[in-house]
Amino acid sequence: RRYEDFTTIDWIQDSIVERNRRIRDAEKARTAYRGPRGEITPAWVWAQLLKVLSAGESWLVITLVVGIFIGVNAALISIVTEWLSDIKMGYCADGWWLNQQFCCWEVESDEEFCPSWHPWSAVTPARWLVYVLFAGVFAFVAAHLVRTMAKYAAGSGISEIKCILAGFVMQGFLGFATFFIKSLTLPLVIASGLSVGKEGPSVHVACCIGAIVASWFQRFSRSQGKMREIITAASAAGVAVAFGSPIGGVLFSIEEMSHIFRIKTMWRSFVCALVATFTLSVMNPFRTGKLVLFQVTYSRSWHFFEIIFFVILGIFGGLYGAFVVKFNMQVAAFRRKHLANHGVAEAVVLAILTAIIGYSNRFLRIDMTEMMSILFRECEGGGDYDNLCQLSVQWPMVNSLLLATFIRMGLVVISYGSKVPAGIFVPSMAVGATFGRMVGIIVKAMYRAYPQSGMFAVCDPNVPCITPGTYAFLGAAAALSGVMRITVTVVVVMFELTGALTYILPTMIVILVTKAVGDFIGTRGIAEETIRFNGYPILDHDDHSLDVAVSEVMKKDVSILYASGMSVNDVEDVLASTDVKGFPIVASKSSRALAGYIGRTELRYVLDKAQHMGDVTPETPCSFSRQASDQEDFVLSGVTSGSALGAEEEVATELLETTASDDVLKVWPWVNQTPLTVSPRLPLEIVMQLFKRMGPRVILVEELGSLKGLVTVKDVLRFSATEKSEGDQQWDAGEFEAVLEVVWNWAAEIVDRSLEWCRHMVRRR
């Protein structure tokens, strides 16, 4: 079925179409290719073999092919990103295509001089200038490509994919242009230094691969439900290659992406994630055996007194999530109002600003994944980056980490949502890692100052008591959970990153505290808030409304059609005077007895098809109800030009040809004669559950068989929005946006005065 752009799939109608197609295919398979007396023929054997191959198509072809493509694409993106990130700092004399790691492969220690790697200049200001210029150029190229070639390549894509999996139609969002441009620009954006990550966009790219490959096979291209099963599996593979965590990817697709998750889909997601991770491991993009840069292994355990400090990290994660979600939405409102037509300029300014600010800080200057790999390490395992583990500079290091935490937090707020591929996973983990490492250094300093105190008495003096790297690791988990509002997925991802069962309990403690703080504040995840901000008609699992009947929300003044007594011209007039997506059908003008429901797309298809055949005039009567003389046992509800393939097209043509002899346009096979109906007194809470679990586009409201109105998801969301108290802040009236408007006006005034002064000086000369 071909749905119009920015519409919602009616999953009930889609399942009816799929069921009818399955019944016809089964009937055809039973009778076709048999001999005159029903004997088995070679053609029948071949048909059965094709049936077996078709049954394993999704497992043996789609999942494996999608997984391999996702793994290869992720490896290529990682390789290019590393090279572009290093080219800002210098170049390799042995080969321009080598990044710093491969250029200095034979140099064992970071402290040793690498003769093959040459900085762009020996002068610090010149190096800084080149660094800033590269950042601006990378951001400009990425933003320009996105604006001119694939607008859907901007942003993270997770919010939109959640809506697509729930039934929202966004044509082109998972197309080849989006896949190609996002894969091409993602390394540029990461290398530019913007405080955005590649993990969210990696999920979007993986889903594009899934949709493109699945569209090659008719079994998936003609079924919206099966197509979304493949997209769900691809989203799991996207997270798997982003974090090197196949099980975490499956849990992410369950916890965050899919509204309805079947066991069959879970197995497909697992296989797809496993194949993608295996492919990435075979390609080994970093030549270290690691799937991601910040994989780490810990050799020491933790102590129970550290739970106090783990709780602090959890509190920070909850507060960080609330802060970023609230103010990023305010920035998004400001961006929509003032910067909608200046996406390229905004990205370049943000990249240059980030480079100027970050170059002076050792933790903001380098790539975020590299920074996390440094902060996660134990000091005894080669983790003494830039004197990070030296006791003589521990307090300046604390100040540097604290400054990096708050600067990065502000940059994440203003950068996420810009018109370039931008994720929020790694930036949030980077913020949590700097804060956690700072806490770890402070705790270690306390231990060294008071080693005999009651708290530290359990420590073995011959073994390091505190491992600051584990605090960075747990802080990253807390920040990621706080901003995305996911729990189990984060625990499993962090376990797969470390491979240590020892730190599962601390991770669970931190995540539970983060969730408790977020629930107390009332924070939603950034993906859910983005869905609300963009106005997508999707109900979240947490949406509810109490003590309200559906009669207070339904539309009472609806456009209707009559089961009989209408001509083609009358129907055309109704279509021309309305823009609704469907029409309830009642018995007659004198009776509002409900007879069915027909979508606008189906009705338009029937009229165009009949007029094309030349057997219909404007005065031809239309029949929306089944007559006693109609003996056909088929139903075409939901069949349109996009899905009228094979049997459906033949049946539709045969049916419309009878119009010439009967002088009546039979529309009833396209009518849903058993639409989903509820009573006006039914609580709205139950209606919301029907929308979430069954997925209808519209629910009709009837009482004693008489039509009273209808309700859609948009009606529910609109009512929920107006139900909020007047004291709630709206997205377009926030305090932070007011501050931004003041700054914007102030900056515009400065620019105007500067230009005026320049003109004055030019005239004087």
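Predicted model: local features only at pLDDT ≥ 70, side-chain atom pairs only at ≥ 80, totals over all residues.

Before I start: I call a residue buried when its relative accessible area is under 20%.

**Entry 1: disulfides**

How many disulfides does the structure hold? I count two.

I looked up Cys92 and Cys103 to begin with. They form a disulfide, with 2.1 Å between their sulfur atoms. The link connects distant parts of the chain, with Cys92 sitting in strand E1 (residues 90-92) and Cys103 in helix H4 (residues 100-103), 11 residues apart. Which hand does the link of Cys92 and Cys103 have? It is right-handed, with 80 degrees about the S-S bond.

Then I checked accessibility for this pair. Cys103 has a relative accessible area of 9%, so I log Cys103 as buried. Cys92 comes out at 3%, so Cys92 goes down as buried too.

Are Cys459 and Cys465 buried or exposed? Both are buried.

**Entry 2: other cysteines**

I went on to Cys207, which is in no disulfide. The nearest cysteine sulfur belongs to Cys208, and it lies 7.3 Å away. My disulfide cut-off is within 2.5 Å. Cys207 has 0% relative accessibility, so I note Cys207 as buried.

I looked at Cys622 as well. Its relative accessibility is 4%, so Cys622 also counts as buried.

**Entry 3: a sheet**

I turned to an open sheet of three strands, which run in the order E4-E7-E8 with mixed pairing. Which strands stand at the edges? They are E4 (566-567) and E8 (665-666). Each has a single partner strand, so one side of each is left without a neighbour in the sheet.

I zoomed in on strand E7, residues 621-623, and its pairing with E8. The two strands pair in the parallel sense, over two bridges. Where I looked for a facing residue, I found Ser623 opposite Lys666 in E8. A reminder to myself: strands of a sheet pair through backbone hydrogen bonds, either parallel or antiparallel.

**Entry 4: helix H6**

Last stop was helix H6, residues 158-166. How many of its nine residues are buried? The tally is nine of nine, and I've written H6 down as mostly covered. Among the buried residues of H6 are Ile158, Glu160, Lys162, Cys163 and Leu165.

I also checked what comes just after H6. Gly167 is there, and it takes a positive phi of about 125 degrees.

Note on methods
Residues numbered from 1 in each chain as written. Heavy atoms only, no water. Helix = DSSP H or I, 4+ residues; strand = E, 2+ residues; numbered from the N terminus. Buried < 20%, exposed > 50% of the residue type's maximum accessible area, 1.4 Å probe, protein only. Pairing = 2+ DSSP bridges.
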